[in-house]
Every structure is written in C-alpha cells, then in structure tokens.
Amino acid sequence: MTAVVLDGIVLGLQFGLLGVGMTLVYGLGGVLNLAYGQAAVLAAMVVAVALTAGAPALVAAGAGLLTAAAGGVVLDRTLMLPVYHQRGEHRVLLGLLLTLGVAFVVDGLLLWRYPTGALRLTIGGEAVPILGVRMRAGSLWASGISLAVGAILLLFFRATTLGRAARSVIQDEVGARLVGINPAAVRTFIFALSGALAGLVAVTRSMTSPVGVTAGFDFTILALIVAVVGGLGSVAGAFLAGVLLGIVSTVSAFYIGQYITTIVLLAAAALTIVMRPRGLLGR
Amino acid sequence: MLEASGLSAGYLGENVVEGVDVQVAAGQAVAVIGSNGAGKTTLFRALCGMLPVTAGRVRFDGEDITGRPAHRVARAGLAYVPAERHLFPGMSVRENLLLGAYPRRPDPSAFGLVFDLFPRLEERRQQRAGSLSGGEQQMLAVGRALMSRPRLLMLDEPTTGLAPKLARSAYEALGVLKGTGMTLLVAEQQVPLALSVADRGYVLENGRIRLEGASEDLERNPEVRRAYLGVA
C-alpha cells in the first residue's frame with residue numbers, strides 16, 4: 001500500500017504541473033486549450049530526435065521545452081486572436097473548437113513524421129529505499145524536478161512583480177489595465193510558460209514510462225481533470241488536485257485495474273463539479 | 001495638464017458624449033457634475049484610454065494620448081479610479097498597493113503617503129481586498145492609484161455605495177490630496193460634495209457640456225441650484 005501511494009505522489013506531482021499549465025491559460029485567456037497535450041508530445045519528439053542526433057540530455061530537454069513554449073506563443077499570437085475578440089460563452093466555444101483543430105493537425109503531423117516515435121529517458125543510479133519502499137532513480141528525479149519547479153512557480157506567483165501581474169489579470173483584467181499592466185503581453189508569457197510546463201511533464205514522465213507520439217489527448221484530458229478539480233485559475237489548487245488525483249489513480253489502478261483509472265478520474269472531476277463547482281481552491 | 005477637445009465616444013457606434021471640451025490645469029481640482037446617464041463615466045473612460053475615441057483629441061502633459069491603450073496612459077501618469085473600483089479581490093491590501101506601482105517597485109515613501117491618508121489600510125494590510133467594507137475598498141482603490149505617484153488622479157463617483165458620512169470623509173481625503181498639490185478630476189452626482197473640493201466645474205447633460213465655470217459661480221447659478229442642489 002505504501003508503495004502504491006508513493007507511486008501516486010510521484011505521478012501526482014507531475015499531474016499537478018500539467019494542471020497548472022492548463023489552469024493558467026484558462027485563467028488569463030478564458031481558453032481551455034485542447035491542444036495542450038500536443039505541446040507535451042511535440043516537446044517529447046524534439047527531445048527524442050535531439051538525443052538520437054547525439055545532443056546531451058540537458059540540451060535536448062531544453063530544446064524540447066523551448067519548442068513547446070514557442071508553440072504556445074505562436075498559438076496565442078495567431079489563431080487565438082479572434083477568440084480574444086469574443087466574450088463569455090462564445091469565447092469559450094470558439095477557443096475549444098480552434099484548439100481542438102490545432103490538436104488534430106499537430107497530432108496528425110507528428111504521427112505522419114514519427115509513426116513509432118516515443119521518448120524514454122533512462123536515469124541511471126541505484127534504487128533508494130523510502131519508507132521501506134525501493135524507489136527507482138527515475139521516479140525520484142521526476143519528483144524532485146516537479147517539486148522544485150512547483151515551488152519556484154508558487155514563489156514566482158506570490159513574490160515577483162510579473163507573477164503578481166499575472167494573478168491580477170486573472171482576478172480583474174480592467175483593474176490590471178488601470179495599474180499599467182498590458183494583459184495581452186502577460187497572456188503571451190503565460191502561453192509560453194504553459195507550453196514549457198507541458199514539455200517538462202513529458203520529459204519527467206518519460207523518466208518512468210515511455211511517452212508515445214499518440215499520448216497528446218491523454219495529457220490534455222488529465223490536465224483538464226486536474227484543472228477542474230483544483231479550481232480553474234488556481235495554481236495552488238492544481239497542485240493539490242494533481243497530487244490527490246495521482247494517488248487516486250495509482251490506488252485504483254492497483255486495486256481495480258489499469259483500464260478503470262481514467263473513468264475513476266473523470267468521476268472525481270464530475271463529483272467535484274457537483275459538490276464544489278469552483279474546485280478545491282477555486283475563487 | 002489634461003486637455004480634451006471635441007471629444008466624442010460611445011458604445012456600438014452610438015456616441016454617448018459628443019464634442020466635449022475639458023481642461024484641467026496642474027494643481028487644480030476639477031469636477032464634472034451631472035445626473036445618472038449624463039455620460040460622465042463614458043467621458044472618463046474615453047479620457048483614460050479604456051474606450052475608443054470616435055472624434056476629437058486628448059492631450060496629457062502636452063502629449064497627444066488619443067487612442068493610446070489604457071495601460072500606457074496609466075504608465076504615463078494618469079491614474080483612473082472607476083466607480084466599480086476593480087480591485088484584485090483575492091489579493092491582500094499590500095499586494096493591491098504593490099501592483100499600483102507596476103511595473104516599478106514602489107518607492108518606500110509611497111506606502112507612507114497612502115497610509116498617512118488612510119490609516120485604516122495600514123491596519124488591514126494583510127487582509128484580502130475582497131473582504132474589506134465598501135468604504136475601505138474605496139480607500140484602497142484611491143491608494144492603489146496613488147502608488148504610481150500619478151500627476152493626475154481621475155475619480156469616477158468616488159461616493160458610489162457609501163453612506164453619507166463615509167462619502168464626506170472620502171471628499172475630506174480628496175481635499176487633503178489637493179492640498180499636497182495633486183491634480184484632480186472628479187465625476188460626481190453629489191454636486192455639493194464635488195463643488196466643496198473643486199476649483200472649477202463642468203455640467204454634463206446628455207453627453208454635452210452644458211455649463212462651465214468656477215465652483216462658486218456654479219453654486220450660485222440658478223439652473224445648477226434647481227437641478228442639482230435641490231434649491232427651488
């Protein structure tokens with residue numbers, strides 16, 4: 001049981017980061033980015049290609065994250081522009097349709113170019129016993145990176161001018177403009193950050209299990225569930241929800257079966273919407 | 001300092017204010033008075049770049065700022081406090097004030113200035129803005145605007161939702177600000193309060209300037225007395 005929960009935390013920390021990228025873009029742009037998972041896969045493929053070409057692991061990972069971030073910026077500055085001219089329901093719907101289109105296009109292109117593409121990072125090193133459970137080096141690295149990035153993000157949003165500016169746009173866009181913040185610039189930055197986070201999760205995920213070229217929609221669905229359960233727009237909420245859902249996921253996989261986990265996670269999201277529509281830490 | 005000439009603006013292709021001329025000299029306090037729906041808010045939104053201008057020009061400190069986006073107008077030193085305040089409800093009083101100085105770090109004296117004017121805000125420094133009372137929220141909105149050390153402070157109906165006593169103390173604070181040399185432009189329905197602080201005033205009716213003049217002259221004007229001061 002301890003092993004299952006620990007595995008859940010390893011998975012959950014990554015779920016958390018994945019959810020943060022989704023929840024931020026929703027909070028700032030009013031867009032649920034259905035092409036989010038494709039950013040993760042795009043990064044994974046770039047890393048895989050760079051590694052095959054002989055690049056050092058850190059350089060390859062950096063290239064992957066940068067590519068995913070650039071993808072976010074391009075999306076924000078081109079296809080999303082008509083979305084920002086819409087308000088309310090229209091904005092959400094147009095955003096969903098456009099990003100879904102992007103998702104299919106990117107999925108198709110990647111599958112065509114790398115039909116059997118997959119990223120698997122092997123992390124050397126001995127397994128380390130934690131609470132009597134032997135944890136693989138890959139799991140520890142993935143968790144350490146996720147925790148560190150999560151802590152940096154929380155600090156960034158609490159204590160830096162740019163981080164506060166991003167939160168202010170989420171809370172009151174008019175108020176943000178009144179104090180001299182350009183919401184469009186902040187939004188572009190958040191799209192880049194979101195892409196980089198998706199890429200990062202693909203990289204840490206590949207330390208414990210391969211990330212295949214068709215994993216895009218799985219990432220998107222997970223991110224959506226985490227963001228909804230955590231409360232759309234809440235960074236801390238996404239982390240909390242990520243860890244909880246990670247544990248739920250491994251526990252149900254262990255006691256019920258792998259095939260049922262996505263259903264359990266969706267049920268958790270549905271239950272959250274019914275019991276607490278704003279999510280765990282939503283405003 | 002601020003000069004609007006022939007300014008028209010509105011919504012969905014229809015002008016709400018038309019051909020408005022407004023001038024505010026440095027160090028002056030100027031009131032725009034008018035009833036509900038006269039176009040005060042539309043005028044203010046157009047002046048500070050929150051609303052596109054359909055005709056006319058706005059000059060601030062000798063520079064043409066017509067059509068500049070609101071965040072750039074704010075950075076140029078024109079601070080606007082809307083009636084709805086638009087605070088950041090989930091952030092503390094302190095964080096709201098910090099953001100007021102965006103994109104710079106606030107200079108230390110800025111906090112002192114705001115807390116001297118509104119000691120209440122210092123007591124509530126760590127409290128969430130959304131949990132403040134109406135009067136405190138108004139103080140915070142003005143305080144946030146002051147953090148950037150603006151050269152012109154524009155307030156739209158600062159007494160919205162405030163009890164008479166709080167409304168009076170809001171104007172007392174504006175009087176103090178004026179005493180420090182701050183240039184003020186205030187839109188107000190509560191005409192006696194507005195004229196108590198203002199040096200000059202404009203009467204806005206149906207989106208046009210109906211009258212303008214020194215506050216004392218406006219107070220004596222029979223039309224103003226009948227329509228806005230409740231004197232028969």
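These legends describe close-up views of a predicted model. Local features need pLDDT of at least 70 and side-chain atom pairs count only at pLDDT 80 or more, while totals for chains, interfaces and linings use all residues. Residues are numbered from 1 along each chain as its sequence is written, and chains are lettered from A and ligands numbered from 1 in the order in which they are written.

**Figure 1. Chain A as a whole.** Chain A holds 12 helices and 4 strands. Helices (H or I, at least four residues) and strands (E, at least two) are DSSP runs, numbered from the N terminus. The C-alpha trace spans about 55 × 45 × 35 Å along its principal axes. Of the 283 residues in chain A, 50% are buried. Buried means that 20 or more other C-beta atoms lie within 10 Å of the residue's own; exposed means 12 or fewer, and partly exposed is in between, with C-beta atoms placed from the backbone.

**Figure 2. The largest nonpolar core.** This core has 164 residues. A nonpolar core is a set of buried Ala, Val, Leu, Ile, Met, Phe, Trp, Tyr and Cys residues joined through C-beta atoms within 7 Å. A:A43, A:A198, A:V226 and B:M154 have the most contacts inside it. Helix α1 (residues 2-29) of chain A gives the largest share, 12 residues.

**Figure 3. Helix α10 against helix α11 in chain A.** The axes of α10 (residues 216-230) and α11 (residues 235-255) come within 8 Å and cross at roughly 120°. Axes are lines fitted to C-alpha atoms, for helices over the stretch in contact, and angles run from 0 to 180 degrees between N-to-C directions. A:I225, A:V226, A:A227, A:V229 and A:G230 of α10(A) meet residues of α11(A), including A:G237, A:A238 and A:L245. Two residues are in contact if their C-beta atoms, placed from the backbone, lie within 7 Å. Ala, Val, Leu, Ile, Met, Phe, Trp, Tyr, Cys and Pro count as nonpolar, Asp, Glu, Lys and Arg as charged, and the others, Gly among them, as polar. Leaving aside neighbours within four places in sequence, A:V226 also touches A:F15, A:G16, A:L18 and A:G19, among others.

**Figure 4. A:L65 in helix α3 of chain A.** A:L65 lies in α3 (residues 57-77). A:L65 is buried, because 23 other C-beta atoms lie within 10 Å. Beyond its neighbours within four places in sequence, A:L65 is in contact with A:A43, A:A196, A:G199 and A:L200. A:L197 is 132 residues away from A:L65 in sequence, yet the two are 7.6 Å apart, C-alpha to C-alpha.

**Figure 5. Where chain B touches chain A.** The contact takes 19 residues from chain B and 16 residues from chain A. On the chain B side, α2 (70-75) and α3 (93-100) are the elements that give two or more residues. That side has 11 nonpolar, 5 polar and 3 charged residues.

**Figure 6. Helix α1 of chain B.** In α1 (residues 40-47), 8 of 8 residues are buried. Among them are B:K40, B:F44 and B:R45. Just after this helix, B:G49 takes a positive phi of about 85°.

**Figure 7. Backbone details in the loops of chain B.** A cis peptide bond joins B:Y102 and B:P103, with omega about 0°. B:P103 lies in the loop between α3 and α4 (108-117). B:L12 is not a glycine, yet its phi is positive, near 50°. B:L12 sits in the loop between β1 (2-11) and β2 (14-24). B:L12 is exposed, with 4 other C-beta atoms within 10 Å.
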